[in-house]
Amino acid sequence: MKNYKTDPFSDFSHDTIKYSHSFSEINNVVITGGTGRIGSVFVRILLSNNIKVLSLSRNKKKFNSFTKTLDINQKKNLFWEKIDLENFETISKLIKKKKIF
């Protein structure tokens, strides 16, 4: 399996992840910080299990940079939305717009 270099300090290999839960019942996930050090690892795991991921952040440039490291099938299941998590109103609007929860 392909090794992903997520940052200069860590390596990620899908083969090293042990799952204690089946992803078979999960179709969609909303994740904050999906392009960060930890979040990007979770996003890769979810995408490799064919789960659609909505990544919430304030930085589209970082998201675009992250997507360049993904293969075409993973990109099809990854979506981005700008949001400021300190502002509850923007969270509420997103939930209504995307029909989350």
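Start by selecting N50, the residue that comes after helix α1 and has a positive phi, near 60°. Before you go further, note that this is a predicted model, in which local features need pLDDT of at least 70, side-chain atom pairs count only at pLDDT 80 or more, and totals for chains, interfaces and linings use all residues. Residues are numbered from 1 along each chain as its sequence is written, and side-chain values use heavy atoms, with hydrogens and water left out.

Now step back to α1 itself, residues 37–48. Helices here are DSSP runs of H or I with at least four residues, strands are runs of E with at least two, and both are numbered from the N terminus.

Next, colour the buried residues of α1: G39, S40, V43, R44, I45, L46 and L47. Buried means under 20% relative accessible area, exposed over 50%, and partly exposed in between, with a 1.4 Å probe and protein chains only.

Move on to E81 and K97, and show their side chains. They form a salt bridge, with the closest N and O atoms 3.0 Å apart; the term asks for a side-chain nitrogen of Lys or Arg within 4 Å of a carboxyl oxygen of Asp or Glu. This pair links distant parts of the chain, from E81 in strand β5 (residues 78–82) to K97 in helix α4 (residues 88–98), 16 residues apart. Which partner is buried? E81 is, with a relative accessible area of 14%, whereas K97 is exposed at 57%.

Stay on α4 and select K93 and E89. Their side chains meet in a salt bridge too, at 3.8 Å from N to O. Both residues lie in α4, 4 residues apart, about one turn of the helix, and both are exposed. The structure holds 2 salt bridges.

Finally, zoom out to the whole chain in cartoon view. You will find 4 helices and 5 strands, running β-β-β-α-β-α-α-β-α from the N terminus. Of the 101 residues, 35% are buried. Switch to a surface view for the last stop: the accessible surface of the chain comes to about 7200 Å², and 53% of that belongs to carbon and sulfur atoms. These areas come from the Shrake-Rupley method with a 1.4 Å probe; for residues, only the protein chains shown count as cover.

Key:
The expected span of a helix is 1.5 Å times one less than its number of residues.
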